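Colleague: Could you take me through the packing and contacts in this model, and tell me what each label rests on?

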Amino acid sequence: MAINRDTVKYTANLARIELSDKELEHFTGQLDRILAYVDKLNTLNVSDLEPTSHVLDMKNVYRDDVVKKSLPVADVIKNAPSKENNLFKVPKIIET
Amino acid sequence: MDYEIVIGLEVHLQLNTKSKVFCGCSTDFGSAPNTQVCPVCLGFPGSLPVLNRRALELGAKVSIALNCQIAEKIRFDRKNYFYPDLPKGYQISQFDQPLAQHGKLSIIVGNSRGRSLQKIVDKTEKKIRIRRVHLEEDTGKLFHQKDSSLIDFNRCGIPLLEIVSEPDMNSPEEAYLYLTALKSILEYLDVSDCNMEEASLRCDANISLRKKADKKLGTKTEIKNMNSFKGVKAALEYETKRQMGLLEDGKRIIQETRLYNTEKGVTEPMRSKEEAHDYRYFPEPDLAPFNFEKSFLKSIEKNMPELPEHKKNRFIKDYQLSGYDAGIIVSDKNTADYFEKCASLYSNPKTIANWLIGDVFAYMKANNVSIKDLNLKESYLSGMLRMIDSGVITGKVAKTLLIEIIQTGKDPGKLIKEKGLEQISDVKLLEAATDQVIAENPKSAEDFKNGKDNAIMFLVGKVMQKTKGRADPNKVNEILRNKLKGDA
Amino acid sequence: MLNTLTAHELINLLSKGDILPIDICNSIINKIEKQEKSLNALAHFDKEKALERCKNLKESVNKGGLWGIPIFIKDNISVKDELTTCSSKILKGFKPPYNATVIEKLIDIGAVLMGKTNMDEFAFGSSTETSCYGPTRNPWDLERIPGGSSGGSAAAVAGDEAIFSLGSDTGGSIRQPASLSGVVGLKPTYGRVSRYGLIAFASSLDQIGPITKDVEDAAILLKAISGRDEMDSTSADIPVSDYVSNIKKGIKGLKIGIPKEYFIEGVDKEVKGSIKLAIEELEKLGAVCEDTSLPHTEYAVSVYYLVATAEASSNLARFDGVQYGMRSENITSIIDMYKKTRKEGFGDEAKRRIILGTFALSSGYYDAYYSKALKVRTLIKIDFDRAFEKFDAIVTPTSPTAAFKIGEKISDPLTMYLSDIFTISANLAGIPGISIPCGFTKNNLPIGLQILGKPFDEETILRIAWNYEQNTEWHKRKPGS
């Protein structure tokens with residue numbers, strides 16, 4: 001097996017997605033099949049290859065240090081599920 | 001048991017670009033919440049980052065100053081984690097191809113030896129290795145209320161330079177010296193405000209203890225939440241004691257993150273449970289990689305300002321300052337600039353250094369002002385020193401005059417006339433004053449005549465008092481001796 | 001029946017003064033009112049707003065562009081103050097505060113934004129069945145899917161609810177639905193069109209592109225949206241040529257490669273037959289067609305589903321209930337807010353891909369999965385580099401089968417993933433590709449021909465496509481006729 005229930009559970013937690021037991025069961029089976037398929041990559045010898053993370057041969061794309069207009073604050077917070085005095089509001093975070 | 005303290009520091013520095021690292025929003029401090037944000041720094045769906053060239057330049061400048069090897073190819077990576085101050089769910093940072101690596105920074109360490117009465121402090125140079133320097137984006141700011149937390153994203157996207165040292169510091173004092181030396185260099189480079197209170201400079205520390213003979217490092221704790229260099233030192237001192245106490249009781253150190261509580265002066269474990277980190281770094285597909293062209297680096301190198309270490313050596317050589325004086329003066333760039341300006345106006349740099357480190361610093365300290373805000377033109381200070389040399393005023397008068405100049409902002413020449421502070425060299429006036437003093441202090445006069453040479457100093461002092469410090473002390477001395485000898 | 005015409009035909013009528021923009025708009029609205037209920041091609045459409053935009057068109061706007069031509073936009077492209085939801089519950093009610101660069105470009109040349117088209121949630125799918133607004137149906141057979149993920153954009157054009165539309169293509173999401181819906185779909189070279197404002201699925205693969213009724217319209221729309229954008233670091237600073245006039249040159253002597261890996265077992269017989277005839281047609285037109293090989297084709301699906309899901313897992317982390325979109329109501333803590341919001345907001349396929357991508361990047365698995373996939377991606381790119389040393393273009397089927405039935409593959413993700421088998425490689429290699437109608441099955445379902453080109457050489461594939469189209473009638477067939 002390429003992936004088990006505990007790994008799916010751990011991964012879902014990393015991704016911050018709550019799964020029901022049923023979903024967990026279901027996804028574990030499906031992901032295991034997908035990973036079994038993907039396993040065919042292991043038949044290739046890739047040790048001498050560079051990974052392609054950017055397909056174009058591009059480099060050094062910059063902008064100048066120039067200040068541009070920011071968004072009006074009304075536009076910033078208009079989509080917010082919860083807000084207070086132009087600030088985004090979330091459940092209390094306990095730091096200390 | 002003898003333990004060795006092992007400390008490594010991680011400094012986060014806001015670079016003083018005008019606009020943010022990946023978008024055009026302003027980096028000004030203190031604006032109304034969420035007014036310096038745009039789709040890019042808010043991480044709105046569909047927005048994309050474009051690198052601010054200036055941020056890379058400033059990062060390269062710091063790397064050069066810290067003697068690092070700058071990478072030929074650099075790349076940005078995504079550091080993935082969830083936190084409400086991180087709008088995209090990832091921070092654009094650098095993982096395995098950072099801006100620069102393998103640097104070093106020198107600190108001057110004092111080693112005391114001998115017993116307390118004949119204690120000798122050796123000043124030796126110690127090199128702290130810099131592991132890496134990388135560029136990343138700052139996060140938003142959280143405000144905690146009773147039942148909720150609020151987020152302001154103005155700070156989000158300000159360029160941050162992370163400077164990570166090797167665990168080369170062996171005492172809280174060394175950590176403090178490292179930070180001071182680092183700050184001094186950063187100020188010379190003019191790349192950041194370096195203000196810990198405004199969080200433009202932040203510092204986290206890793207600390208562990210090990211038995212002197214051990215090669216393996218002990219279990220470390222990470223200390224956060226210090227808001228001054230002294231706070232860093234105090235936190236590390238506390239943490240050293242705490243860890244030592246545990247080890248001596250045969251207990252184990254738990255690897256954890258602890259927050260420094262400034263009010264209580266203690267470190268406390270973070271209450272929120274930290275999960276094992278799995279940041280899933282991968283190359284940021286939205287940014288093309290960067291190759292440092294030689295010409296780009298050369299132009300930065302060409303524009304590098306003189307750094308404190310170099311300046312110190314030059315001051316010793318060119319101005320014949322002692323290593324100690326030069327060290328104090330160059331530790332702050334504004335002070336060094338001030339000194340050099342004065343030195344261009346007045347020919348005895350050693351005297352400038354004495355006054356600067358003595359009376360000027362004392363005034364600054366008492367009144368809590370920096371040299372930048374001090375109301376003392378370089379031409380006034382050097383003018384005043386020249387007037388001492390030419391005998392217009394006495395050194396004693398100069399001490400009070402200096403404060404008058406600072407407080408009124410007036411030209412020293414004018415002040416001397418207004419207040420009548422010129423030195424009295426007129427022999428007749430001085431003779432009259434000495435006569436009076438001898439008459440009023442017959443006992444001391446007698447003592448001198450009987451061979452008690454010290455007594456003359458008392459009489460000179462009395463004459464100075466009578467003339468409000470304006471008498472030329474050498475002349476007074478001469479007149480007194482003549483008069484008393486003549487009587488004898 | 002203005003709604004059945006192409007953009008270039010309408011531009012012609014408008015310039016002669018025979019019709020007004022409002023006439024086109026009304027004709028479209030008419031069709032939508034009659035048909036949309038059965039098609040479900042649109043995610044957001046507000047008739048009054050569309051009419052208002054049409055009426056407010058400024059005469060002063062450059063009439064030489066797309067002045068007065070209505071266009072539909074895939075629901076993952078940001079339009080300022082208009083619902084942009086990626087057909088996902090998690091973006092319920094979201095109205096971006098800015099326009100995507102392509103939208104700015106279209107507005108500048110006078111195009112009329114009509115509304116947003118339905119799609120697979122976050123473009124995760126090949127059938128438009130994973131939308132939170134329900135599946136879009138194929139105008140050729142309402143029991144079947146239109147392809148995906150730009151199924152709404154393709155179905156709207158095929159069903160004449162749209163003159164043309166914009167889609168996005170990460171692994172075939174423009175070409176596959178174009179093929180299955182019998183229209184033209186073009187995925188530009190990575191970097192040809194700005195991605196600024198396109199809600200990212202997989203940043204290193206995504207491209208916006210046109211879905212149109214014929215090749216000339218594809219050329220017009222591509223020209224309109226292409227070019228370097230300072231807001232997108234990955235947009236290329238390479239000149240955009242005058243496609244419309246250049247594609248009308250002949251194709252005599254062009255060398256076309258036919259890769260054997262695209263004619264394997266599992267490809268429908270009728271599809272194979274149509275492609276074979278299309279190749280013969282191209283030879284008749286003077287192209288030189290030769291067999292070739294792209295040896296790493298069989299690994300493309302594996303590479304794609306690791307690379308794309310890894311990037312997606314990171315791109316979709318921002319949907320956390322803090323700034324926009326939905327937030328779960330019954331939450332007790334910040335972690336609870338994240339987990340419940342994402343549980344309730346994402347559909348099954350989104351969850352599956354986020355978890356797969358997170359896994360591929362996670363500690364201990366990165367080298368075995370993500371890093372390995374990127375290396376095999378290099379091999380796939382080299383395959384194309386070598387082929388293009390010899391050939392001007394490569395021709396393949398767009399999809400191994402014609403449109404399948406709604407519900408047929410939805411419960412089996414792997415089978416669904418394999419329906420992208422012929423389109424995925426172009427995204428991995430960054431090259432352009434176009435799908436054009438090239439035949440029908442005996443059940444009257446469209447079959448598509450895919451033409452792949454060299455990086456930034458959209459001109460050649462458009463040219464081959466246009467020449468083929470001029471000599472065939474497939475693109476003129478309409479559903480229900």
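Colleague: What makes helix α1 (residues 53-65) of chain B oblique to helix α2 (residues 172-189) of chain B?

Modeller: Their axes are 10 Å apart and the packing angle is about 130°. Angles under 35 degrees count as roughly parallel, over 145 as roughly antiparallel, 65 to 115 as roughly perpendicular and the rest as oblique. The value of about 130° therefore makes α1(B) oblique to α2(B). The axes are lines fitted to C-alpha atoms, for helices over the stretch in contact, with angles from 0 to 180 degrees between N-to-C directions. Helices here (H or I, at least four residues) and strands (E, at least two) are DSSP runs, numbered from the N terminus.

This is a predicted model, where local features need pLDDT of at least 70 and side-chain atom pairs count only at pLDDT 80 or more, while totals for chains, interfaces and linings use all residues. Residues are numbered from 1 along each chain as its sequence is written, and chains are lettered from A and ligands numbered from 1 in the order in which they are written.

Colleague: Which hand does the crossing of α1(B) and α2(B) have, and which residues make the contact?

Modeller: The crossing is right-handed; that is the clockwise case, left-handed being the near helix turned anticlockwise from the far one by less than a right angle. B:K61, B:V62 and B:A65 of α1(B) make the contact with B:I185, B:L186 and B:L189 of α2(B). Contact is a matter of C-beta atoms, placed from the backbone, lying within 7 Å. By class there are 5 nonpolar, no polar and 1 charged residues (Ala, Val, Leu, Ile, Met, Phe, Trp, Tyr, Cys and Pro are nonpolar, Asp, Glu, Lys and Arg charged, the others, Gly among them, polar).

Colleague: Why are α6(B) and α8(B) called oblique to each other?

Modeller: Helix α6 (residues 323-330) and helix α8 (residues 349-367) of chain B cross at roughly 60°, their axes coming within 11 Å. On that angle, α6(B) and α8(B) are therefore oblique. This crossing is left-handed. B:D325, B:I328 and B:I329 in α6(B) meet B:A353, B:L356 and B:I357 in α8(B), giving 5 nonpolar, no polar and 1 charged.

Colleague: How do you know that β5(B) pairs with β16(B)?

Modeller: Pairing takes at least two bridges found by DSSP, and 2 bridges join strand β5 (residues 77-80) of chain B to β16(B), running antiparallel. In one of them, B:R78 has B:F282 as its bridge partner. The open sheet has 3 strands in the order β6-β5-β16.

Colleague: What makes β6 and β16 of chain B edge strands?

Modeller: β6 (90-93) and β16 (282-283) each have a single partner strand, so one side of each is left without a neighbour in the sheet.

Colleague: What joins β1 of chain A to β2(B)?

Modeller: Strand β1 (residues 62-63) of chain A is joined to β2(B) by 2 bridges, running parallel. A:R63 has B:N52 as its bridge partner.

Colleague: How many residues of chain A touch chain C?

Modeller: 41 residues of chain A are in contact with 53 residues of chain C. α2(A) gives the most to the chain A side, with 7 residues.

Terms used. Two residues are in contact if their C-beta atoms, placed from the backbone, lie within 7 Å.
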